[in-house]
Amino acid sequence: MNCGLFGMNSMVSNDVVGTGAPLPRIGHVHVLDGRRLRVKWQSGETHDIDVAPALLSHRLFVELRSNDELFRTATKDEYGDAVVWSDGSELAATWLYELAEPAELTNDEFRSAMESLHMSLDGMAVRLGIARRLVADYRKNRPIPRTVALATRHLMERQRHSG
């Protein structure tokens with residue numbers, strides 16, 4: 001018997017180890033106006049990403065927030081793992097990919113999400129931490145705030161992963 005760490009059987013040749021989804025890799029970076037970047041991923045996708053939320057999240061990025069010339073030095077690192085600037089600042093590709101997620105949610109998508117989640121107005125209100133009346137309005141024609149859209153997408157993603 002082949003024993004590994006703690007006396008447990010070691011893996012045999014037909015065992016499969018899952019590693020999850022591949023990490024996003026940057027193929028090319030182009031600086032846009034404001035604090036936005038156009039990122040072409042090695043997968044072929046292209047996203048225009050507002051990186052201001054990331055830059056505002058840490059004092060390390062103070063110079064990048066206000067210095068346009070420095071911001072325009074953005075490029076990808078040699079492996080496509082991050083965007084780097086001439087002062088040594090960097091944003092990881094995984095973080096950028098998360099920022100690229102669509103924040104908008106249409107009223108039709110919101111209704112569809114509620115149906116998929118098997119949620120009533122009251123249930124959705126509780127899950128999102130908002131008033132029932134807002135849920136009813138979001139099902140009709142009221143613009144859906146980014147926070148509600150992201151929370152709704154998160155609920156859908158959790159449902160998808162749980163089967």
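## Notebook: helices, strands and ring pairs

I started with glutamate 98, which is exposed at a relative accessible area of 54%. The cut-off for exposed is over 50%, so glutamate 98 passes. I note here that the model is predicted. Glutamate 98 sits in helix 4, residues 93-99. Isoleucine 49 is 49 residues away along the chain, with a C-alpha to C-alpha distance of 9.6 Å.

I went to strand 2, residues 36-41, and asked which residues are on its covered face. They are Leu37, Val39 and Trp41. Arg36, Arg38 and Lys40 make up the uncovered face. The general rule is that side chains in a regular strand alternate between the two faces of the sheet.

Next I checked the partners of strand 2. Strand 1, residues 26-31, is joined to strand 2 by 5 bridges, and the two run antiparallel. Valine 29 has valine 39 of strand 2 as its bridge partner. Strand 3, residues 46-50, is also antiparallel to strand 2, again with 5 bridges. There I found lysine 40 bridged to threonine 46.

I looked at both turns. The hairpin of strand 1 and strand 2 has 4 residues between the strands, and glycine 34 there has a positive phi near 65°. The hairpin of strand 2 and strand 3 also has 4 residues between its strands. Its turn holds glycine 44, with a positive phi of about 105°.

I found an open sheet of 3 strands, in the order 4-5-6, with antiparallel pairing. Strand 4 (75-76) and strand 6 are the edges. Each has a single partner strand, so one side of each lacks a neighbour in the sheet. Strand 4 and strand 5 are joined by 2 bridges. One residue I traced was lysine 76, whose bridge partner in strand 5 is valine 83.

**Entry: aromatic pairs**

How many aromatic pairs does a search of the whole structure find? I got 3. I wrote up two of them.

Phenylalanine 71 lies in helix 3 (residues 68-71), while tryptophan 85 is in the loop between strand 5 (82-84) and strand 6 (90-92). The pair thus links distant parts of the chain, 14 residues apart. Phenylalanine 71 and tryptophan 85 are both buried.

Phenylalanine 110 belongs to helix 5 (residues 107-117) and tyrosine 138 to helix 7 (residues 132-140), so the pair ties together parts 28 residues apart in sequence.

I went back to phenylalanine 71 to check for a charge. Arginine 35 lies over the face of that ring, 4.8 Å from its centre.

**Entry: helix 5**

I picked two residues here. Asparagine 107 is in helix 5 and is buried, at 18% relative accessible area. The cut-off for buried is under 20%, so asparagine 107 falls on the buried side. A polar atom of its side chain lies 2.9 Å from the backbone oxygen of arginine 142. I listed what else asparagine 107 touches beyond four places in sequence: among them are Asp137, Tyr138, Asn141 and Ile144.

Serine 116, also in helix 5, is partly exposed at 30% relative accessibility. Leaving out residues up to four places away, serine 116 touches Met156 and Gln159. I took one more distance: the C-alpha atoms of serine 116 and arginine 160 are 9.9 Å apart, across 44 residues of chain.

**Entry: helix 6**

Which residues of helix 6 (residues 121-128) are buried? I found Met124, Ala125 and Leu128. They span an arc of only 100° around the axis, which puts them on the same side of helix 6. An α-helix has 3.6 residues a turn, so residues three or four places apart point the same way. I then checked what covers the buried residues of helix 6. The cover includes helix 5, helix 7 and helix 8 (146-162). Glycine 129 follows helix 6, with a positive phi near 70°.

Notes
Residues are numbered from 1 along each chain as its sequence is written. This is a predicted model: local features need pLDDT of at least 70, side-chain atom pairs count only at pLDDT 80 or more; totals for chains, interfaces and linings use all residues. Side-chain values use heavy atoms; hydrogens and water are left out. Rings of Phe, Tyr and Trp (its six-membered ring) pair if their centres lie within 6.5 Å; planes under 30 degrees apart count as stacked, over 60 as edge-to-face and the rest as tilted. Buried means under 20% relative accessible area, exposed over 50%, partly exposed in between (1.4 Å probe, protein chains only). A charge sits over a ring if NZ of Lys or CZ of Arg is within 6 Å of the ring centre and within 35 degrees of the ring normal. Two strands pair if DSSP finds at least two bridges between them. A polar contact is a pair of N or O atoms within 3.5 Å; within protein, one must be able to donate a hydrogen and the other to accept it, and residues adjacent in sequence count only if both atoms are side-chain atoms. Contact means heavy atoms within 4.5 Å. The arc is that of the directions from the helix axis to the C-beta atoms.
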